[in-house]
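Subject: Structure for you to look through

Hello,

Here is the structure I said I would pass on. Please open it beside this message and follow along; my notes come after it.

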Amino acid sequence: GETKAFPAETAPAAKAAVQDGAEMSTPVPVSASEPTTDEVTPGGGEKPAAAAPFGARPPPVASGGASVASSTASSSPPGRGSTQFQPRRPAKTTTTKVSPAEELAKDAAVTEVQDTPDRGKIVVSRRGLEAGELILCEMPVLSILQDSSVPTMSDLQAWTTAFGSLDEQPRARVLELYCPPTAAADGALAANLGRNGEDVNKLLTYSSSLEPDELWRFLRIMECNTFGVDTNGRVLVELLLEVSRLNHSCLPNALRGPGSEFGTVEVRALRPILPGEELTISYVDEEVLLTPVDGRRAVLQSRWQFLCSCGRCSGPDMTRSFRCAAGCGPRGVLYPTPAGNLGACCACGRCPSEEASAKALAAEASISEVASSAETAAIAAAGRVTEALTARDGPAFEQSVEASMSALVKCSGAASSNPDVTPMHHLVVRLAKAAASLRAVLGDGLAAGGRRKHAEDMWGLAASEMGEAMEAEHKSLPIPRDGRIADLMRLSGLYQRLGRNDEARSTLSTALAAMRTVYWACAPERREVSDEMMRGVEGALASLEKA
């Protein structure tokens, strides 16, 4: 059924409890409420892998009930930022261990490159794969250390020199990778050398063994086939021959990350994969994957020069949902079609009139105008509440409650004043999650002040909002990912506060399964932190079993 709109009421008793002058003498609980800000791939042949697919970062500690992580979880998360992959040094061991490369060699090739009549080459699985199973493991053929992910002229010269130093066979293999006809219009390559390489001969020095056209082709290949790796404040940019052949999907079935052997990159299954199924990764991060089709396509077109036609982009846009004007109830939902118009109602099957469509889209525009400021207000208010709780400052907490009430009204008002937009719409989901996070810390404050009943009311609303928003978001992007893990941890913390241990245990179990699928791909220097977090969740589950 349809998720409920998050409540407009803000538990007036909460304000009264604070204004009673409640003492802040009890220990302040740790908050888990800080907000975290099919497989048909694009036509046109092979596409390069992205510089920043969604990463693996441990979520905040879920407070209330059993502890889910040690104090080390307060350090920087082990996720990958705007660039990816640092080589991970293998752990010291005294036993003989089969390397990922040897594992793949024993099993023969897991992948196979196939030609298609309309999309060029694709990579498919030769057999069935389980979630987490190794698909590829390779060393980069070229790598250059840059000050940022955007190459300078000095970096372009370094790439040119490195390419010229390759032997004939690896050079030929590099030139077989996908190459766009021109440099990206807004990219560094066009800015430095011209969209068609007009200044290659003028500005670059290269080996006599290279032809100008060959070099220009390589530079275009490099621009859209490389991976960026954060390395001590700089970026190690790598070119991989096999991983670069994997096409993009906005609903990928595989994830790439740093290999267990020093200097390698691995690709592992995100979910069970059938024999003959195309293997895809995401070129963009999780934040982009959660945006509507037009936004995702714009990012991909600008950076990688193709119009995405994956299953998510060529079907109904599940990030945007509207109510049927015929009053079909919870199942009466409309989604935009690839053509841009609103499709048929999921319940009655009728398409909306032009007037009804215009009204629905106007409501979406209205929410869009206020969503960012309302979300920001909720996040800021949550920060003020947390500061007051940390300082055990009753007057400051009272003032923060005033700001919180105002923020909650903004969030709920944006949704309730535009009923043509459903609670499953990505903008409403963002507002609901921000409101839920704010309610959670307000509940913590009320509990610290001895107002347990009012705190439970606030936590209950927060759990309802968070759960419904997460369900809507997962329906749009049903893959294990960092943001969902963080949300599951927060929701489990709320359930534990409320004494709903069965729900807390189920939620933590779901989070742990997702962690095991994606946390292997965290940055190497964060491996210890992510492993500790998983052990903490396992310990929390054991404690809940005994409760």
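Gln146 is buried, with a relative accessible area of 1%; buried means under 20% relative accessible area, exposed over 50%, and partly exposed in between, using a 1.4 Å probe and protein chains only. Before the rest, some ground rules. This is a predicted model, in which local features need pLDDT of at least 70 and side-chain atom pairs count only at pLDDT 80 or more, while totals for chains, interfaces and linings use all residues. Residues are numbered from 1 along each chain as its sequence is written, and side-chain values use heavy atoms, with hydrogens and water left out.

Gln146 lies in strand S4 (residues 142-146). Helices (H or I, at least four residues) and strands (E, at least two) are DSSP runs, numbered from the N terminus. Not counting residues up to four places away in sequence, Gln146 touches Pro151, Asp155, Trp159, Arg234, Val235 and Val237; contact means heavy atoms within 4.5 Å. Thr231 is 85 residues from Gln146 in sequence, and their C-alpha atoms are 9.5 Å apart in space.

Next, the cores. A nonpolar core is a set of buried Ala, Val, Leu, Ile, Met, Phe, Trp, Tyr and Cys residues joined through side-chain atoms within 4.5 Å. The largest one has 69 residues, and Leu438, Met489 and Met515 touch the most other members. Elements that give two or more residues to this core include helix H11 (354-391), helix H12 (394-416), helix H13 (426-448) and helix H14 (452-476). Apart from neighbours within four places in sequence, Leu438 is in contact with Ala378, Ala381, Ala382, Val385, Ser404, Ala407 and Leu408. A second, separate core has 34 residues, among them Leu251, Leu290, Phe306 and Ile479.

How are H11 and H12 arranged? Their axes come within 8 Å and cross at roughly 160°; axes are lines fitted to C-alpha atoms, for helices over the stretch in contact, and angles run from 0 to 180 degrees between N-to-C directions. H11 and H12 are therefore roughly antiparallel to each other (under 35 degrees counts as roughly parallel, over 145 as roughly antiparallel, 65 to 115 as roughly perpendicular and the rest as oblique). H11 passes H12 in a left-handed crossing, meaning that the near helix is turned anticlockwise from the far one by less than a right angle; clockwise would be right-handed. The residues of this contact divide into 15 nonpolar, three polar and two charged. Here Ala, Val, Leu, Ile, Met, Phe, Trp, Tyr, Cys and Pro count as nonpolar, Asp, Glu, Lys and Arg as charged, and the others, Gly among them, as polar.

H12 and H13 pack at an angle of about 155°, with axes 10 Å apart, and are therefore roughly antiparallel. Residues of H12 such as Ser404, Ala407 and Leu408 are among those that meet a set in H13 including Leu438 and Leu442. By class, that contact has 13 nonpolar, two polar and one charged residues.

The axes of H13 and H14 come within 8 Å and cross at roughly 160°. The crossing of H13 with H14 is left-handed, and their contact has 16 nonpolar, three polar and six charged residues.

Finally, two loop residues. Gln305 has a positive phi of about 60° although it is not a glycine; Gln305 is in the loop between helix H9 (293-304) and helix H10 (311-314) and is buried at 18%. Arg392, also not a glycine, has a positive phi of about 50°. Arg392 sits in the loop between H11 and H12 and counts as partly exposed, at 45% relative accessibility.

Regards
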